[in-house]
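Subject: Handover of a protein structure

Dear colleague,

Please find below the structure that I am handing over to you. My notes on it follow, arranged by topic.

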Amino acid sequence: MELLIVHLTDIHISRDSDLDVLLPRTASIGGAICNHITDPNNTEVLFCVTGDLAYSGQDNQYIIVSMILEEICRIIVNRFPSLHIQPIFVPGNHDCDFSSSSATVREVMLSSPTLDITDKSQLEICTSIQENFFNFSKEWHKKFGALSCEKDKIITVNELILSDEQIKLKFHCINTGWCSKLHEEKGKMKMTLENLPGKDHGDIIITLMHHDAEWLDWDDKEVWNNYHKKYSDIILVGHDHATECILRTNYDKSTNYFIKGNQLYDSENPDQSGFNILKINTDVKPMQECFFTYEWNKSAYVNIIDTKYQEFIMNKFIGTGIELKEKVWKFLEDLDIDIINKKKKRELKLSDVFGFPTLKEDRDKTTRFFRDMKSLMDYLDINHFISIRGQKEYGKTALLKQLFKEFYLNQQFPIFLDINQINDVDGEALNRLIANKYQQTYENISPDIIMQKAPKERICLIDNFEEINLSDKSTKKLLQYLTNKFGKIILSKNHKIDLLNPLSFVETNDYIENYFHILVICPVKKSYMERILNQWLLLDENEKDIYSPSFDAKRREKYTQLQTVMKGNFFNKTPIDLLLVLTYLDQDEPLQIDYSRYSFIYDKLILDKLNSIGNKETKVITAYKTILQNIAYKMFNENIEGFVSEAFIIGVILDYKEKHSGFRMKYNDVVSKLVTYRFLECKNDTYRFKYSYMYFYFAGSYIDKKLPPDKRKSVIRDIFFNIDKELNYNIALFLAYSISIEFEILPMIKELEEEFLAEFKDFKYENLKILLEEWGGDIEKKVECIYTVPENKNIPILRERKLIELEEKEADNESKRSESEEPISTVEDIKRTNLDVIKLVRLVDFMGNLLKNYSGGMENPPREETIDLMFKSVIKVLGSFCNYSMYTVDKLIVMLEEKIKDGNEETIAAKSDFVETIKMLFAEIWIQFISVNITGLACDLETDDIKENLDSYSQSNNTDFVKMARIEYLFRIAATKLPVNEIKELFLGKECIDEMSKNIFKNKGLSSFLCKF
């Protein structure tokens, strides 16, 4: 797009005779402007007038001003009918009517030592003599959408979004004439520029004001300097009747285009007349600009300055002058779904709709909540290492992105580390990886400089920590390295990792428990929902005050609509689902009956895109859809999730052309359209699906619709068998939209559920109490077998000696072992079991999604079968952990010994204390494991559609585990009334749970049970 900034100033209309002089000149002004409109379908004219439109602020003078400006605009529009012109005005000292009846009161106010220019009522008195200017700009706003100043503000921020190119312009309109006097004096003017909205990356800020900084007093000049270095890309001024265009670059990397305009007219010197044009081409990277100045030569306006195109240098000041790379900004703003807001008429960014989540900390029997960024940042100033836990899509990634920006704006150096790229915990290898990440993140600074900075200036953020590929010891070593190198560390983690790998990450979890503070991100309810809703409503530029009655009325109306849709639980309680619902509600066409997340993505987002790319021609739409399906399935079949080569894409298109006669589009045109319509993303001649959901959709639809029956059945079963893979899991969710849940999905899940952890199918939760007695004794025997002297310092030494003796004995007895004896569990057994656990837990999670998204179409029998499969699966997971209890004890003994060696454990005075410590550590793991299973299951069941089904299941399966999970479920679906009576029955009624379960449910002390045995 081309931005044509037309800069007029100091028109000084006084009387009717001025119209006779200026009106004939409008043809030359309009013609000169038109000469620089070289691409009218891709041009926006910004018609900027920086004050002194009138000579003495009289009402009749603005009538003439309006006639002149309208005539210039008419000439342009007549030549280019489709062109849009955006007028922007600010007042000057000549726009003040000093003969106004309010002038005397104003003069007293300006002279008062108690003048408070932050008080809107006082400021309105000061701007009262500009009333005619405000009336003029109000009229132009009604007729032409003009932007200007508000009478109770010194600076008014106006925003213009150009939809096609997603260019955001902000016009900072400054009223320097609010304190003007009849006879102006340099160095006497004042201003305040507080509470301005932040400058987002990519914003172009144009500051318009009549007087330049030379007219400000000393203190306020400092205010101006702080302001324009931080915000302004372009500064347009008038008043001095002289032309000037300078690119100012400061030591702190701030840059501004300072443009001063000649007067357009003055009756005392009518031949001195001119104006400026700044043209910016945003289609090229980097953007280009050229500047033109025109002067009146008594017959026409002639071009006296033409700078030719050169790079447009945006203001990069952000405190340190250090700039983030373009791809980092894009990552920070990426929503991972293309939601278009009809008010903004553009794809939304994360910063448009981010509502701070509700975070909860349970520590030392105290619960604390965080509901805004400031409280969390204050918390991080004291507690430097935190782990944010939450389910998938609860907003963990979005929160980390916002934290990154906060730290960056605070002049610190945050980085995102990709957990999947960390395969080596050698210190130097990690140094190289982190330095490389700094290189990829920042401009204008060497990574060596950042690496040498003190830890307090460096921030580490790691998303999806549960995806780590390292062993337990290596993961702990990584965390130790990070806590030494970074002043703050924020990890995000799906809490299900605690459910999947309790045996594999004993030391890691212990380290996190000791050094990190755990914050849990809550589902989108109540205040969290309202914060996102506020952001959505603020997209309407007419609504800026969230505390106003009108805003509150809109919020209440929208909240009611949201509740109506979401109470059916066809959408999950996640931020992205809430945004999908809000997009639903903003549709102009009638809403669909099926509110499912997947039907929305199928029937709205993707089909709208296909209709657009195919221009609503069925054959063309089908062709593009088939090509996209073929690309997705080929990528899936070759296990590719990232970018593919151009040859890969072209090969699929050529294969389609070969098999479908009559398709006449060139392959490069097809690729270009797929990128233009944002199905694909191009990077260095490689391509991937722009949004992951598109990949899942097209791959799933190919599998369902294009494969022959036998192949289709085999592929779908393989997807569910390997549902632990994220790609398979997401494709499975999309498949559930189109294939039969009752006759295809549930039978397959039932078959797989029986196959995974089959050896634990008969395990029952009630067996735990008996096992606890056995474990208590086994722990004592294991410790007794290893230690004979009760002194803390000797424990590791004596154990080593004892182990040597045991090894020698075992070697002697090896040949005597009976073949009937069961083999000792190995690490490989643990790994195999853990893989089954991961698959089974993912199946439970998938079944929960079935209930949440599709329960409205499921009858009671398949609902209840799904619930039964979920409970059976979780019980088998508990059984698998029980099977390897002594393996866990071994790890705890080793871990405790290491703490003793390092001096990180209090003195253990006797062997009995050591035994008790082991029991307590083991109990903590068990409490957490059972609690997480209960919580995870309740989360997966969290839809009030199935309450009666779960009640029925609970009555027929009246176990303590089912009772506890049901209470947790009731907590989660409760809108206002908590399940108080049910909790009482759990602890006091005839059907109350046993003592062990009470302690587990209260999360108190399983160790007290272990220590009894």
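In this predicted model, His 172 stands opposite Thr 207 in strand E6.

Are the residues of E5, which covers 167-174, mostly covered or mostly uncovered? The strand is mostly covered, with eight of its eight residues buried.

E5 pairs with E6 (residues 204-208) in the parallel sense, through five bridges. With strand E4 (residues 155-162), E5 runs antiparallel, and eight bridges join the two. Strands of a sheet pair through backbone hydrogen bonds, in either a parallel or an antiparallel way.

**A three-stranded sheet**

Another sheet is open and has three strands in the order E23-E25-E24, with antiparallel pairing. Strands E23 (644-645) and E24 (680-683) stand at the edges; each has a single partner strand, so one side of each is left without a neighbour in the sheet. Four bridges link E24 to strand E25 (residues 686-689) in the antiparallel sense. One of the facing residues is Phe 689 in E25, the bridge partner of Leu 680.

**The protein as a whole**

The protein has 38 helices and 25 strands. Of its 1013 residues, 55% are buried. Among contacts between residues at least 6 apart in sequence, 73% join residues at least 24 apart.

The mean pLDDT is 83, and 83% of the residues reach 70 or more. Over residues 786-795, however, the pLDDT is below 50, and this stretch has 20 contacts in the model beyond near neighbours in sequence. Residues 1004-1013 also stay under 50 in pLDDT, and the model has 30 contacts for them beyond four places in sequence.

**Nonpolar cores**

In soluble globular proteins, nonpolar side chains tend to be buried together. Which residues have the most contacts inside the largest nonpolar core here? They are Tyr 442, Phe 720 and Phe 846, in a core of 195 residues. A second, separate core has 71 residues, including Val 45, Leu 69, Phe 292 and Tyr 301.

Phe 846 shows what such a residue touches. Beyond its neighbours within four places in sequence, Phe 846 is in contact with Phe 720 and with several other residues, among them Ile 723, Tyr 729, Leu 733 and Ile 749.

**Helices and a loop**

The buried residues of H17 include Tyr 528, Met 529, Arg 531 and Trp 536.

Gln 61 is placed in helix H3 (residues 59-79). With a relative accessibility of 3%, Gln 61 counts as buried. Leaving aside neighbours within four places in sequence, Gln 61 is in contact with Ile 13, Ser 14, Ala 54, Tyr 55 and Ser 56. The C-alpha atoms of Gln 61 and Asp 95 are 9.8 Å apart in space, while 34 residues separate the two in sequence.

The loop between helix H20 (597-613) and helix H21 (618-637) holds Asn 615, and Lys 616 lies in the loop between H20 and H21 as well. Asn 615 has a positive phi of about 55° although it is not a glycine. For Lys 616, also not a glycine, phi is positive at about 65°. Are these residues buried or exposed? Asn 615 is exposed, because its relative accessibility of 58% is over 50%. Lys 616 is likewise exposed, at 70%.

**Cysteines**

How many disulfides does the model have? The count comes to zero. Cys 126 is in no disulfide, because a disulfide needs sulfur atoms within 2.5 Å, whereas the nearest cysteine sulfur, that of Cys 179, is 8.1 Å away. Cys 126 is buried, with a relative accessible area of 1%. Cys 939 is buried too, at 3%.

With kind regards

Note on methods:
Residues numbered from 1 in each chain as written. Predicted model: local features only at pLDDT ≥ 70, side-chain atom pairs only at ≥ 80, totals over all residues. Heavy atoms only, no water. Buried < 20%, exposed > 50% of the residue type's maximum accessible area, 1.4 Å probe, protein only. pLDDT = per-residue confidence, 0-100. Contact = heavy atoms within 4.5 Å. Pairing = 2+ DSSP bridges. Core = buried A, V, L, I, M, F, W, Y, C linked by side-chain atoms within 4.5 Å.
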